[in-house]
Amino acid sequence: MIRAATLEDAPAIARAHVAAWSEAYAGVVPAGFLTSLSSKQRRARWEASLAENRETVLIDEREGELAGVIAFGPSHDRDRDSAETGEIYVLFVAPAFWRKHVGTTLIEEAEHHIERVGARRLTHWVIARHAAGRRFCEHAGFRCDGA
């Protein structure tokens, strides 16, 4: 079930965020960065974001657990018209739910949201060396623009 995240979801989002990054970015970013990730710090970030309504945050709950999160809003890209372009700021899926269409479902829901506010396209930044992330995004319909 996809729904808007609430402040009460911040602890679960933070735990899933750290778990997803720790597995997904192993060998992609420095190991020291991954070991420094803290659910407590991530929780504070998510609490602030949700309290201040900085972005649209949706969660996918499956089997009674938080399966994935997407946060999006207007594009921050300087070369894009942010009125017509939405940007995915954060997208992650809890490792237990990888390859179960959670990420794709969240992207589709974000696309519906941005269309309702008049945007025509959605962008997402991916670390160039993150081959699995790039493959996922390409499978979801994104195209690398070289930036």
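A residue is called buried when its relative accessible area is under 20%, exposed when it is over 50%, and partly exposed in between (1.4 Å probe, protein chains only). The model described here is predicted; local features need pLDDT of at least 70, side-chain atom pairs count only at pLDDT 80 or more, and totals for chains, interfaces and linings use all residues. Residues are numbered from 1 along each chain as its sequence is written, and side-chain values use heavy atoms, with hydrogens and water left out.

Two residues illustrate the terms.

| Residue | Relative accessible area | Class |
|---|---|---|
| Ser 49 | 1% | buried |
| Val 117 | 69% | exposed |

Ser 49 belongs to helix α3, residues 39–52; helices (H or I, at least four residues) and strands (E, at least two) are DSSP runs numbered from the N terminus. Leaving aside residues up to four places away in sequence, Ser 49 touches Arg 54, Glu 55 and Val 57, where contact means heavy atoms within 4.5 Å. Val 117 sits in the loop between α4 and β5 (121–124). From Val 117 to Ala 48 the C-alpha distance is 24 Å, and 69 residues separate them in sequence.

The lining of the largest pocket draws at least two residues from each of α1 (10–24), α3, β4 (85–93), α4 (102–116) and α5 (131–139). Strand β4 gives the most, seven residues. By type, the lining has 19 nonpolar, eight polar and seven charged residues. Nonpolar covers Ala, Val, Leu, Ile, Met, Phe, Trp, Tyr, Cys and Pro; charged covers Asp, Glu, Lys and Arg; the others, Gly among them, are polar. A pocket is an open set of points on a 1 Å grid over the protein atoms alone, where a 1.4 Å probe fits, with protein on both sides within 12 Å along at least five of seven lines; lining residues have an atom within 4 Å of a point.
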